[in-house]
Amino acid sequence: MKKRWCKSGLPLVAGATLIVSSALAQAVDTARIESAGQNDWLTYHGSYKSYHYSPLSQINTGNVSNLGVAWIHIPGRSTRGLQSMPLAADGVLYYTGSYSRTFALNGATGEVIWSYFPELDEALVARQTHSPYNRGAALGEGKVYVGTMDGHLIALDMKSGKVMWDTKLIDSQKLTVGFTGAPLYAKGTVVIGSQGGEWPGRGPIFGVDATTGKKKWEFLTVAGTDDAMKTWGNDSWRTGGGGGWMPGTYDSENNTILWGTANPAPLYDWSGADYKTQGARPGDNLYTTSVIALDVDTGKLKSYHQELPHDAWDFDSAVGEFVMLERDGQKYVVHPNKSGYIFVYDRNLGVKNVWRITQNSNFVKDIDPKTGELIGRRDFPAGKVSEPLCPHISGGVSWNAGSYNPKTGLYYKLGQEWCMTLEVQKTTPIVAPQAQLNIGADFKIAPPPSGEIYGHLDARDPITGAKKWEVRFPEPPLGSVLSTGGNLVFVPDSRGTVHAYDADSGAELWSHGDGTGHQGGIISYAVNGKQYIAVVAGFGGMASDDYAPTFGGVYKSMPRDDGALVVYSLK
Amino acid sequence: MTLLPPCRSEADEPRRELDFREVGLAGMRLARTITTLSTPTLAVLLTISALPSRAQQPPPSAPDSEQLDVGQLFATTCGWCHSAGGRAAGKGPQLMDTKRDDDFLRIRIKNGKEGAMPAFGAVFNDAQIDEIIKYIRALKPSEG
């Protein structure tokens, strides 16, 4: 069946006045994203530095108690809730919902300027598990870029929402996976990574020409080089998993894309201690659970660090933001791994330090802070695992971003305390007629040895890991964190409340209910001199699926198919 | 460069909202409609609806020598949501001691549930789904 891609804008109503200030503004290009103008949020992580920080200070510790709802937008059909990071450029807010529904809204009033709903292969979507949510779009060269669950990358005209190009990148019908992650625009290239860790594929990351939509390069995270091939015994690379399902960043000094890769498959191996020669995928399994540096123009691998060689616990590197810092004349890259270990690198991905945010962690004894070497790793043979594994498969941290505030010098990051019982089983990858999950175990969530499951917002030195303060939550928050020049830290929690904390002390200064749990992004931007905080609400993604059976309470009635964009400003 | 067909103006055709009923197996609405039909009609409809569309291949014919190892299937796929091999509630409901009847389980496995469970109608044939249902009915608490 031929797909119909058509623009779907609003018909102009006589007398309507839609002021689209983007018509007058400068184009969003690499330089503009890099300089990160304070009124905008031009890329997923806020800027290429990935701070999730806004320098705006109109809203600050002195007046945040006056923060109230300015407007709300409901995207509709929010199956699995809303998980996206909004973007803002020149007074227009862009965001996506489930099924890659894409909106451009007047940032001051919430009025819809245009909307675009791609017609997806819904029979395919019905067969997917990590679906149909979307984590966001990218802006660049007058276009909005969004990925789809059926493996397409689409470019929409920023002003009208008209489709400029539409490129199919993944054979999703065969591989089951598609794109949930936001793309990254840099230097004329749109980069997007496939889902894949749980499936028997090879986890590609793509570089696409922003003007034409033609694929420029493809990097296979599973055995993407000859050297890497050797780290997969028994041809296990054929069904290796991998992927790169969250956006990384662009290092303009080195002409490099930094990206985190996903875990290998099966998630749980039966190798026992001798994982180099035994089990489902003997070897280190490059380049899964790694941070990689690719040349932005060619996609060639320039450097990498594998955070967890032979990852036997599903602790992707794909989850983490790449925080680009400088301190005492040294340049660093701080990157959280899903295990809850935070890696500190130099700009060539040489390990400088490793610290841990998760309190309950036993999948390794430690990670050597000087070398990144795993110490006392737990590899399992087939059968029941005697001591519950910590952290739980949902991670010591998840893909929701932390925030670095250059004024306080602190990294505000959410940690998660939960564990799991586990019975490892030998599995055979299912690749036909369509790829299926390949987990490798029966498992169940369990409380940590310290007592109850909980989450915590930590204020930490990003390089040393020294903790300044901590705020605890009864259930781990799954939304991203925002910090601002007004000395505020915003955390949207899982029960549905957005909190604002003093960035220095952690004192709670303001909170407001959004009506349902959060598992997406939060940004700040300004229009005509007025500052806004925009947050998506809407629960129902992977990690949140466990909340109703585990915690009960408000989660029992919380919808998993609804959501809203809520925008705040000072009254 | 992908060339796009010209779009018809909005006057000719309003923006197309996707309706569950158009998309075959997906969606509870369709499942509800199906359960009100007689069993033979139901069987025919499910067989037809399980047929492949687009690039799908037909469900595998029943293997004569190999039986579906449902325990392994849970460790591979189902256990992602049905915790502890189906014995505990997690992302999905507990299957052990489920009150749902065989028809419900069969339809759910084939059609899935939007936003909750994938559709496996193209992956398993009727004999294999029978095996899965048998496994579910036989689930007991694990020892120890």
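Residues are numbered from 1 along each chain as its sequence is written, while chains are lettered from A and ligands numbered from 1 in the order in which they are written. Because the model is predicted, local features need pLDDT of at least 70 and side-chain atom pairs count only at pLDDT 80 or more, whereas totals for chains, interfaces and linings use all residues.

**Stop 1: chain B as a whole**

Select chain B. Expect six helices and zero strands. Helices here are DSSP runs of H or I with at least four residues, strands are runs of E with at least two, and both are numbered from the N terminus. Along the sequence the pattern reads α-α-α-α-α-α.

Colour by burial next. A residue is buried if 20 or more other C-beta atoms lie within 10 Å of its own, exposed if 12 or fewer, and partly exposed in between, with C-beta atoms placed from the backbone. Of the 144 residues in chain B, 31% count as buried.

Two residues are in contact if their C-beta atoms, placed from the backbone, lie within 7 Å. Among chain B contacts with a separation of 6 or more, 54% join residues 24 or more positions apart.

**Stop 2: α5 against α6 in chain B**

Select residues 102-111 of chain B for helix α5, then residues 126-138 of chain B for helix α6. The two pack at about 125°, with axes 10 Å apart. Axes are lines fitted to C-alpha atoms, for helices over the stretch in contact, and angles run from 0 to 180 degrees between N-to-C directions. α5(B) and α6(B) are therefore oblique to each other. The cut-offs: under 35 degrees is roughly parallel, over 145 roughly antiparallel, 65 to 115 roughly perpendicular, and the rest oblique.

The crossing of α5(B) and α6(B) is right-handed. That term applies if the near helix is turned clockwise from the far one by less than a right angle; anticlockwise gives left-handed.

Show side chains at the contact. From α5(B) come B:D102, B:L105, B:R106 and B:I109. They meet B:I129, B:I132, B:I133 and B:I136 in α6(B). By class, this contact has six nonpolar, no polar and two charged residues. Ala, Val, Leu, Ile, Met, Phe, Trp, Tyr, Cys and Pro count as nonpolar, Asp, Glu, Lys and Arg as charged, and the others, Gly among them, as polar.

Keep α5(B) selected. Its buried residues are B:R106, B:I107, B:I109, B:K110 and B:N111. B:G112 follows the helix, with a positive phi near 70°.

Pick B:D126 in α6 of chain B. B:D126 is partly exposed, with 15 other C-beta atoms within 10 Å. Draw a C-alpha distance to B:R106: 8.4 Å in space, for 20 residues in sequence.

**Stop 3: the largest nonpolar core**

A nonpolar core is a set of buried Ala, Val, Leu, Ile, Met, Phe, Trp, Tyr and Cys residues joined through C-beta atoms within 7 Å. The largest one holds 183 residues. Select A:Y94, A:L139 and A:F490, which touch the most other members. Strand β38 (residues 530-537) of chain A gives this core its largest share, six residues.

Centre on A:L139. Beyond four places in sequence, A:L139 touches A:V28, A:L42, A:L87, A:A89, A:Y94, A:V144, A:M158 and A:Y185.

**Stop 4**

Most residues other than glycine have a negative phi, and most peptide bonds are trans.

- A:S50, in the loop between α1 (30-35) and β2 (53-54), has a positive phi of about 60°. With 28 C-beta neighbours inside 10 Å, A:S50 counts as buried.
- A:T176, in the loop between α3 (172-175) and β12 (184-186), has a positive phi near 75°. A:T176 is buried, with 29 other C-beta atoms within 10 Å.
- A:C390 and A:P391 are joined by a cis peptide bond, omega about -5°. A:P391 is in the loop between β26 (383-384) and β27 (403-405).
- A:A432 to A:P433 is also cis, with omega near -5°. A:P433 is in the loop between β29 (419-424) and β30 (441-446).

**Stop 5**

Go to A:V471 in strand β32 (residues 467-473). A:V471 is partly exposed, with 19 other C-beta atoms within 10 Å. Outside four places in sequence, A:V471 contacts A:H456, A:L457, A:Y501 and A:G506.

Finish at A:A228 in helix α4 (residues 226-229). A:A228 is buried, with 24 other C-beta atoms within 10 Å. The C-alpha of A:N285, 57 residues away along the chain, is 7.2 Å from that of A:A228.
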